[in-house]
Amino acid sequence: MTERLYLMDPYIKEFDANVIRCIPYKNKYAVILDKTAFYPEGGGQPSDTGYINEQNVIHVLEENKQILHIVNGEISTNKVNCRIDWNRRYDFMQQHTGQHILSLCFLQLFNGRTDSFHLSDNSVSIEIDIMDFNGDDLVLVEDMANDIIYSNLPITSKIVSEEELKQLPLRKLPSVKDNIRIVSIGHIDYDPCGGTHVMSTGEVGIIKVIRWEKLKSSYRFHFLCGKRALYDYRNKNFLQQSLCAKLSVRNHELEKAVERIIGENKDLNKELLKKNIELLKYEASEIYINCKPINGFKIIKGIYTDKKFDDIKILANEISSYKKTAVLLGVANENAQVVFSRSDDIDTDMNSLLRTFLPIIDGKGGGSPKTALGGGKAENLHFLIEEAYNSLLKSLL
Ligand SMILES: [Zn+2]
């Protein structure tokens with residue numbers, strides 16, 4: 001069985017080993033070594049990556065109690081030199097140790113047990129079985145967690161006997177029966193765990209919860225430790241500086257400035273809407289005046305490509321508010337949309353008129369005898385308008 005170097009010394013970055021076997025594995029190769037410092041995926045922590053000789057180790061997993069190092073090409077030498085992607089591993093050690101600290105804080109402060117832990121290259125989260133959580137609670141958790149970091153408590157691990165296990169105030173029960181490894185933070189936390197951790201709490205650097213979400217009967221907390229927290233702070237600081245510069249305000253004025261802009265934007269939109277309706281009313285009167293009556297009726301038809309359908313509906317409504325008037329308007333963009341409308345002193349059922357000719361554009365729609373709306377394909381829209389116009393004209397003569 002492969003000796004697990006990472007359990008005794010998680011700081012091994014490079015080591016020499018003997019190859020026990022190198023076998024084909026799902027279009028790649030799996031290398032089994034006599035000893036390894038590569039952490040195999042497990043316990044919420046992803047596997048390490050790195051190199052065995054010049055072969056890239058893309059994944060490390062445990063199968064039938066064997067640790068398989070997955071590489072692209074066959075390794076033919078017996079003795080190999082192995083290097084772990086140390087920056088990535090150290091980051092995992094910081095996040096994972098941060099999880100132990102955070103789990104302890106949730107348990108002590110809110111009696112919240114950790115249901116699960118997720119760690120990947122770009123996110124870290126834990127689920128805690130608590131029913132409520134708010135911003136004040138967050139301050140308590142973060143302060144306690146970071147005080148534990150500043151205390152720089154030693155972190156040790158040890159395989160314990162059944163007798164020793166009974167004496168320890170474990171934070172959770174072990175999931176394995178043999179070779180139970182307890183990871184201790186000073187004398188404040190004892191947790192069965194087979195992962196890799198930093199040597200002292202100080203190395204975690206900082207713990208910051210960045211957001212949380214309520215689940216059915218628990219909460220999920222997303223957090224950052226070490227350089228992840230630094231990078232996040234750096235990015236957010238850049239963003240804040242950039243926003244302050246754009247708005248010509250200081251940090252503490254930023255929120256008020258954004259609120260002011262949102263307020264102004266709302267007012268401007270209202271004003272714009274008002275002006276747009278005034279403009280459409282004016283346009284409607286112009287269209288009405290310029291339309292020549294036939295047999296005392298004015299029938300207005302048209303297709304627009306530069307207007308929104310909402311505006312066309314307002315336009316149709318305004319035009320048909322004049323007496324003895326009917327409108328057949330369409331908008332042709334990617335698809336076609338149409339509105340048929342008439343004044344109250346015309347009898348024609350615009351709904352049935354529209355439905356009669358909608359098949360021309362493979363369309364669907366409907367409405368009332370006074371106003372009907374529809375939509376379909378754009379290419380035959382002008383035929384639909386012409387056919388409907390001719391039919392309407394006949395009914396009015
Ligand atoms: Zn652990």
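**Entry 1: Tyr304 and its contacts.** I began with the contacts of Tyr304 and found Ile312 and Val331, leaving aside residues up to four places away in sequence. A reminder to myself: this is a predicted model.

**Entry 2: buried or exposed?** Tyr304 counts 16 other C-beta atoms within 10 Å. Buried would take 20 or more and exposed 12 or fewer, so Tyr304 is partly exposed.

Entry 3: Which strand holds Tyr304? I found Tyr304 in strand 16, which covers residues 298-304.

Entry 4: Next I followed strand 16 into its sheet. The sheet is open, has five strands and mixed pairing, and I noted the order as 16-17-18-20-19. Strand 16 and strand 19 (364-367) are the edge strands, each pairing on one side only. On average, neighbouring strands of this sheet are turned by 10 degrees against each other, direction ignored.

**Entry 5: the partner of strand 16.** How many bridges join strand 16 to strand 17? I found seven, and the two strands run parallel; strand 17 spans residues 325-332. Within this pairing I picked out Ile299, which stands opposite Ala326 in strand 17.

**Entry 6: a helix across the sheet.** Last, I looked at helix 8, residues 350-357. Helix 8 lies across strand 18 (335-342), strand 19 and strand 20 (371-377). Against strand 18, helix 8 runs at about 150 degrees.

Definitions and conventions: Residues numbered from 1 in each chain as written. Predicted model: local features only at pLDDT ≥ 70, side-chain atom pairs only at ≥ 80, totals over all residues. Helix = DSSP H or I, 4+ residues; strand = E, 2+ residues; numbered from the N terminus. Contact = placed C-beta atoms within 7 Å. Pairing = 2+ DSSP bridges. Axes fitted to C-alpha atoms, helices over the stretch in contact; angles between N-to-C directions.
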